[in-house]
Amino acid sequence: MKTVFITGATSGIGFQLAKDYLKAGEKVVACGRNPQALAELTRFSETSPEMIETLCFDLTDCQATQQMVDSMQSKPDVWIFNAGDCEYIEKGELDSQLIRRVFEVNVMGLVHAIEAAQTRFVRGSHLVIVGSISSELALPRAEAYGASKSAVSYLARTLQQTLKPKGIQVTVVYPGFVRTPLTEKNTFAMPLMVDVDEASRAIRKGIEKGSAYLYFPTRFTLILRLIALLPYRWQNALTAKLTQD
Ligand SMILES: NC(=O)c1ccc[n+]([C@@H]2O[C@H](COP(=O)([O-])OP(=O)(O)OC[C@H]3O[C@@H](n4cnc5c(N)ncnc54)[C@H](OP(=O)(O)O)[C@@H]3O)[C@@H](O)[C@H]2O)c1
């Protein structure tokens, strides 16, 4: 049995991962802000309450994150840093408040969580950092979200190198579109979108295999990665075509 720590376990991909790991008999440390969703996970694990620990805190609050992680009783083997948020910029009109909000959760929230947890990392620990395929390609309206996920990708790939000598493995996850409350508000076409159970399956399988990088759904992320190999001018022409209303 392993113990899996999950941020953003109260909704979407993280919620599904928490349920699937509990179903598989693994212990879960579920983190999020929503107490009702954390209670739902505790009820889900009601026959074996010792298999779940819940931590309710806001990742943008550095001190609260440290306090909650310090209070944790469990000793996770796998750390899934999944929490994130998305807001879009309209017509290229930058909004510093919006960009700060997105970076506070996606970048600083991730940093707070890793900083709080890092003294608990040991040889054999496995960190899983959820980025986005949007970081591979400059996409219209993703000035805030895509830039934040590019920072996440860079941070994660750097940690892959710096933590390796300590025997700590880092997997970086680059999902395409997944049907969750985060994408529910999108009004544009989301090609080849998958359900959360498929996302959870892909992530759990990748963790099991020890993959360094995880891309899913395969076809959609492959198309974007191929476009990302082209010169920027061609990339822009293609993304303009693909994203026109
Ligand atoms: N869905 C997609 O198509 C897609 C594609 C690429 C990448 N991703 C990435 O996958 C991850 C999960 O996304 P999702 O689609 O499952 O989104 P979601 O359903 O909106 O869930 C987001 C999770 O993050 C948590 N969270 C957000 N802000 C937080 C904060 N300040 N403090 C603590 N927790 C916070 C939420 O907790 P509360 O609900 O408790 O506030 C929730 O559990 C994100 O990193 C996202 O960027 C998603």
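Colleague: By class, how many residues of the shell around the ligand are nonpolar, polar and charged?

Modeller: The shell around the ligand has 13 nonpolar, 14 polar and three charged residues. Here Ala, Val, Leu, Ile, Met, Phe, Trp, Tyr, Cys and Pro count as nonpolar, Asp, Glu, Lys and Arg as charged, and the others, Gly among them, as polar. Please note that this is a predicted model, in which local features need pLDDT of at least 70 and side-chain atom pairs pLDDT 80 or more, while totals for chains, interfaces and linings use all residues. Residues are numbered from 1 along each chain as its sequence is written, and side-chain values use heavy atoms, with hydrogens and water left out.

Colleague: Which residues come nearest to the ligand?

Modeller: Of the 30 residues around the ligand, the nearest are Thr10, Ser11, Arg33, Tyr145 and Thr180. A residue is near if one of its heavy atoms lies within 4 Å of the molecule.

Colleague: Which helix gives the most to that shell?

Modeller: Helix 6 does, with three residues. Helix 1 (12-23), helix 5 and helix 6 (181-184) each supply at least two. Helices (H or I, at least four residues) and strands (E, at least two) are DSSP runs, numbered from the N terminus.

Colleague: How far is the side chain of Tyr145 from an oxygen atom of the ligand?

Modeller: An N or O atom in the Tyr145 side chain is 2.6 Å from a ligand oxygen atom. For the side chain of Lys149, the corresponding distance is 2.9 Å. The protein covers 93% of the 900 Å² of accessible area that the ligand has on its own (Shrake-Rupley method, 1.4 Å probe).

Colleague: Turning to Ser200, is it buried or exposed?

Modeller: Ser200 counts as buried because its relative accessibility is 0%. Buried means under 20% relative accessible area, exposed over 50%, and partly exposed in between (1.4 Å probe, protein chains only). Ser200 belongs to helix 7 (residues 196-209).

Colleague: And with which side chain does the side chain of Ser200 make a polar contact?

Modeller: The partner is the side chain of Asp20, at 2.6 Å. Such a contact is a pair of N or O atoms within 3.5 Å; within protein, one must be able to donate a hydrogen and the other to accept it, and residues adjacent in sequence count only if both atoms are side-chain atoms.

Colleague: Finally, which members of the largest nonpolar core touch the most others?

Modeller: Among its 34 residues, they are Phe5, Trp79, Phe81, Phe121, Leu127 and Ile129. Such a core is a set of buried Ala, Val, Leu, Ile, Met, Phe, Trp, Tyr and Cys residues joined through side-chain atoms within 4.5 Å. Helix 4 gives the most to this core, with six residues.
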